[in-house]
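Hi,

Here is the structure I promised to pass on. Have a look at it first, then read my notes below.

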Amino acid sequence: MKIYIKKNEIEKILELMNKFPQESNYQLDYINSSGLGYTIDMIVPVSIKGHTGDFKVSITDSSNW
């Protein structure tokens with residue numbers, strides 16, 4: 001599957017990666033099922049005071065359609 005993303009989306013992904021330099025793995029969820037456009041979410045695994053979880057950030061959403 002091919003996906004196309006914009007330069008500003010890549011820049012936002014890199015900005016987030018730089019804010020979480022201790023992490024080495026990131027998840028991108030690309031959703032293109034609406035028929036109108038796509039959304040990209042970035043999920044960063046985090047650990048706070050011994051509790052692990054996921055931090056989800058919208059890279060792009062329907063406002064960019």
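Let's start with Leu 14, which sits in helix H1, residues 7–19 (helices are DSSP runs of H or I with at least four residues, strands are runs of E with at least two, and both are numbered from the N terminus). Leu 14 is partly exposed, at 45% relative accessible area (buried is under 20%, exposed is over 50%, partly exposed is in between, using a 1.4 Å probe and protein chains only).

Before going on: this is a predicted model, where local features need pLDDT of at least 70, side-chain atom pairs count only at pLDDT 80 or more, and totals for chains, interfaces and linings use all residues. Residues are numbered from 1 along each chain as its sequence is written, and side-chain values use heavy atoms, leaving out hydrogens and water.

Now for the inside. The largest nonpolar core has 10 residues, including Ile 13, Phe 20 and Val 44 (a core is a set of buried Ala, Val, Leu, Ile, Met, Phe, Trp, Tyr and Cys residues joined through side-chain atoms within 4.5 Å). H1, strand S2 (39–48) and strand S3 (51–60) each give it two or more residues, and S2 has the largest share, with four.

Met 17 is also in helix H1, and it is partly exposed, at 30% relative accessible area. Leaving aside residues up to four places away in sequence, Met 17 touches Tyr 26 and Met 42 (contact means heavy atoms within 4.5 Å). Met 17 and Val 44 are 27 residues apart in sequence, with their C-alpha atoms 8.7 Å apart in space.

Cheers
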